[in-house]
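Hi everyone, thanks for coming.

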Amino acid sequence: ILIFTIATISIPYANASGAVVLTVKNFDEEVLNSNTLWIVEFYAPWCGHCKHLAPIYDAAADKVEAKGLMKMGKIDATEEVSLAKRYGVKGYPTLKYLRDGELHKYTGERTVDGFVEFAEKMNGEAIQEITTKYVLSKFQMKKDVTYIYGPGKETEGFEKKNAYQVYSDVAYKLQADEYFAVAIEHEMQEKAVKKLKSKSYIARLERGEAPQFFTGEMTEDAIINWIDDTKHPTVIQLDAKNFYNSAHAGKFLVTLVLNPKANNKQQLAELTKLARKSSKNPLEPHVQEKFLYGWIDGVEHKKFVKQYGITEKALPSVVIFDAPNKLHFKNVDVKVNGALGHYLKAIALGEEDPIAEGYAVYYNSFMKIWNKSWPYSLIIALISTVLLMITCWTCCKALCEDDDEDEYDYEIDTADTKKNK
């Protein structure tokens with residue numbers, strides 16, 4: 001019975017093989033020359049994150065291949081250095097997906113369900129047609145921010161027009177990360193953007209927010225840049241999954257730290273007002289656009305916020321991150337109405353000094369002393385440089401003299417030896 005049980009348990013895993021092992025010898029043939037969708041992982045055997053991901057990745061590889069959706073491969077970047085260098089791999093694990101012969105950064109969830117969802121999405125249509133109010137509602141639930149095309153009043157033959165062709169190309173290129181739809185019927189267009197427009201349009205949709213319309217030149221680059229600038233929610237609910245990408249999106253990240261059980265209506269209302277692009281925003285557009293806006297649960301993520309001197313008793317509070325430069329700002333009391341807006345304006349104008357993190361602390365401290373002591377700091381630096389050069393010259397001269405003496409003594413010794421012989 002025991003033998004039978006073990007055999008029965010083993011059957012489901014009999015054909016499981018995990019991700020395909022890729023090397024420089026088989027990479028081009030298996031991946032680049034394939035018409036199949038691929039995800040490739042660059043890993044290092046000593047990497048803790050890689051070890052954690054390994055069983056998840058292998059399980060997902062078996063699942064998506066069994067469904068015929070995608071193949072998943074893994075590359076030991078410490079062995080296949082040339083492959084890692086070819087694709088600019090700097091950290092581990094790095095995941096990229098292949099489409100049309102090119103590798104792109106994978107930004108989806110690193111779970112079995114996440115990989116399966118990605119494979120299903122990429123095998124589906126890049127643009128979903130909105131046919132009913134229910135379909136529109138389901139579509140908008142897929143992500144906080146989605147995009148929709150409407151032909152306007154003239155619907156006949158719209159799919160052949162340049163505007164829709166460009167939109168289709170953009171949707172295909174960004175299919176991995178964004179969600180795109182088209183509403184054709186007048187009624188569905190009105191449901192999506194609140195009012196039927198006379199001409200074709202591309203709109204950004206977010207639940208609870210007014211639609212935003214693309215107003216630039218109808219080119220791929222212009223639309224992609226607009227989407228990149230508008231893809232984040234008006235106010236982001238930050239967590240471990242989205243914080244890094246939000247903090248490295250090319251803008252300052254305003255992070256309101258809250259206790260969800262407390263009354264935070266005033267702080268959230270002010271944050272939302274600052275985040276919205278509207279005439280009622282107290283921030284000027286060139287200031288408002290320098291920031292992304294979000295909030296984080298300071299109780300659930302107390303270890304994280306404690307690094308910035310924020311305790312549960314200090315909530316609500318705020319930190320404005322300049323993550324790429326390892327800097328942050330937090331010298332403002334968000335309990336004071338209007339204070340956050342004035343503080344953000346001061347940051348944008350360079351009137352507030354940031355707090356440094358890591359090695360940046362030492363650099364910033366040095367620069368502060370340097371700037372405050374100017375021009376005396378320059379004089380001290382020049383004197384120090386001259387003294388260092390004199391010291392080096394003296395040491396080199398002494399070494400050279402020692403070498404001459406050794407050579408001279410050697411010649412004398414050699415001559416004396418010859419005489420004695």
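Let's start with a single residue. Tyrosine 106 has a relative accessibility of 2%, and since buried means under 20%, this tyrosine counts as buried. Please keep in mind that what you see is a predicted model.

So which ring does tyrosine 106 pair with? Its partner is phenylalanine 118, with 5.0 Å centre to centre and 90 degrees between the planes, an edge-to-face pair. The two are twelve residues apart and link distant parts of the chain: tyrosine 106 sits in the loop between S5 and H5, and phenylalanine 118 belongs to helix H5. Phenylalanine 118 is buried as well, at a relative accessible area of 6%.

Here is another pair. The ring centres of tyrosine 149 and tyrosine 164 are 5.1 Å apart, and because their planes meet at 65 degrees, the pair is edge-to-face. Again, distant parts of the chain are linked: tyrosine 149 comes from strand S7 (residues 145-150) and tyrosine 164 from helix H7 (residues 162-173), 15 residues apart. Tyrosine 149 counts as buried at 1% relative accessibility, and tyrosine 164 does so at 12%.

Both of these tyrosines belong to one aromatic cluster, whose members also include Tyr147, Phe158, Phe180 and Trp226. Over the whole structure, the search finds 25 aromatic pairs.

Rings also meet charges here. Arginine 99 lies over the face of tyrosine 172, 3.9 Å from the ring centre. Lysine 197 has its charged end over the ring of phenylalanine 213, at 4.4 Å from the centre.

How much space lies in the largest pocket? About 2,400 Å³. Its lining has 50 residues, and the closest to the centre are Thr107, Gly108, Glu109, Lys241 and Asn245. Among the elements that each supply at least two lining residues are helix H3 (48-66), strand S4 (94-99), helix H5 (112-123) and helix H10 (243-247). By type, that lining divides into 21 nonpolar, 15 polar and 14 charged residues.

The second largest pocket holds about 360 Å³ of space. Of its 19 lining residues, Gln212, Thr234, Ala275, Arg276 and Lys277 are the closest to its centre. And which element gives the most to this lining? That is S13, with three residues. H9 also supplies at least two. Here the division is six nonpolar, six polar and seven charged.

That's my tour, and I'm happy to take questions.

Key: Residues are numbered from 1 along each chain as its sequence is written. This is a predicted model: local features need pLDDT of at least 70, side-chain atom pairs count only at pLDDT 80 or more; totals for chains, interfaces and linings use all residues. Side-chain values use heavy atoms; hydrogens and water are left out. On a 1 Å grid over the protein atoms alone, a cavity is a set of points where a 1.4 Å probe fits but cannot get out, and a pocket is an open set with protein on both sides within 12 Å along at least five of seven lines; lining residues have an atom within 4 Å of a point. Grid points are joined across faces, edges and corners, and a volume is the space filled by probe spheres set on the points. Helices (H or I, at least four residues) and strands (E, at least two) are DSSP runs, numbered from the N terminus. Ala, Val, Leu, Ile, Met, Phe, Trp, Tyr, Cys and Pro count as nonpolar, Asp, Glu, Lys and Arg as charged, and the others, Gly among them, as polar. Rings of Phe, Tyr and Trp (its six-membered ring) pair if their centres lie within 6.5 Å; planes under 30 degrees apart count as stacked, over 60 as edge-to-face and the rest as tilted. Buried means under 20% relative accessible area, exposed over 50%, partly exposed in between (1.4 Å probe, protein chains only). A charge sits over a ring if NZ of Lys or CZ of Arg is within 6 Å of the ring centre and within 35 degrees of the ring normal.
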